[in-house]
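Work through the exercises below with the model open in a viewer. Each task is followed by a solution in steps.

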Amino acid sequence: MTRKADLLLHPIRMRIVQQLLLGKPLTIAQLLDVLGDVPQATLYRHINLLINADLIEIIDTKKVKGTEERVFSVKKENLQVPESEIEATSQEDHIRHFSVFHGNLLQLATTYLTETSPKQYEQEGFAYWYTPIHLTDGEFQELVQSINKSIEKAINNKLTPERTTRIFAGMFIPQKSRE
């Protein structure tokens with residue numbers, strides 16, 4: 001059995017899921033167009049892995065030029081990696097997963113930065129930062145719950161012409177105290 005993190009934290013599968021998370025179901029042709037650099041046979045192979053793992057689903061089929069075209073959607077409720085899997089994952093695999101995650105963020109940022117004038121960054125909400133914070137375990141849990149509550153509210157927003165899709169990526173990296 002393949003672990004969920006290995007399925008999701010693969011460079012191509014992560015990009016497929018991210019495109020489907022943008023809220024609009026897509027066909028293979030549409031995915032090929034938005035992904036740009038993924039060969040069709042490779043895309044089919046990764047789509048089938050995600051379907052078999054119950055991470056995406058076929059929500060519709062359309063007849064196009066005599067063939068049936070499938071429309072895919074992500075199964076948001078199945079994307080969470082179980083805590084038991086996280087704990088059982090080796091340090092080396094966590095480093096590999098983080099590298100894929102980081103590489104994907106770098107690709108998203110690079111695309112944005114090369115296509116957008118710096119004059120638009122603030123207006124469009126592009127930012128990155130690094131901020132050490134000092135919290136007790138209780139204060140940290142309160143912060144995480146507050147962030148999660150805000151994000152859960154925003155996640156439920158439907159895409160409309162007035163709303164801009166923004167990728168929010170975050171992490172907490174505990175540091176050893178120097179005291």
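**Exercise 1. The sheet**

What is the order of the strands in the open sheet, and is the pairing parallel or antiparallel?

Solution. The model is a predicted one.
Step 1: the open sheet has three strands, in the order β1-β3-β2, and they pair in the antiparallel sense.
Step 2: β1 (26–27) and β2 are the edge strands, since each pairs on one side only.
Step 3: for β2 (residues 56–64) and β3 (residues 67–74), the antiparallel pairing runs over eight bridges. Ile58 stands opposite Phe72 in β3, and Val64 has Thr67 of β3 as its bridge partner.
Step 4: the hairpin of β2 and β3 has two residues between the strands, and Lys65 there takes a positive phi near 50 degrees.
Step 5: helix α2 (residues 11–21) lies across β1, β2 and β3 and runs at about 85 degrees to β3.

**Exercise 2. Aromatic pairs**

Classify the pair Tyr112 and Tyr121, then the pair Phe140 and Phe172.

Solution. 
Step 1: rings pair if their centres lie within 6.5 Å. By this rule there are six aromatic pairs.
Step 2: the ring centres of Tyr112 and Tyr121 are 5.7 Å apart and the planes are at 45 degrees, so this pair is tilted.
Step 3: the cut-off for buried is under 20% relative accessible area. Tyr121, at 18% relative accessibility, therefore counts as buried.
Step 4: the ring centres of Phe140 and Phe172 are 4.9 Å apart; their planes are at 85 degrees, so the pair is edge-to-face.
Step 5: this pair links distant parts of the chain, with Phe140 in helix α8 (residues 137–155) and Phe172 in the segment after α8, 32 residues apart.
Step 6: Phe140 is partly exposed at 27% relative accessibility, and Phe172 is partly exposed with a relative accessible area of 42%.
Step 7: one aromatic cluster is formed by Tyr112, Tyr121, Phe126 and Tyr128.

Technical notes:
Residues are numbered from 1 along each chain as its sequence is written. This is a predicted model: local features need pLDDT of at least 70, side-chain atom pairs count only at pLDDT 80 or more; totals for chains, interfaces and linings use all residues. Side-chain values use heavy atoms; hydrogens and water are left out. Rings of Phe, Tyr and Trp (its six-membered ring) pair if their centres lie within 6.5 Å; planes under 30 degrees apart count as stacked, over 60 as edge-to-face and the rest as tilted. Buried means under 20% relative accessible area, exposed over 50%, partly exposed in between (1.4 Å probe, protein chains only). Helices (H or I, at least four residues) and strands (E, at least two) are DSSP runs, numbered from the N terminus. Two strands pair if DSSP finds at least two bridges between them. Contact means heavy atoms within 4.5 Å. Axes are lines fitted to C-alpha atoms, for helices over the stretch in contact, and angles run from 0 to 180 degrees between N-to-C directions.
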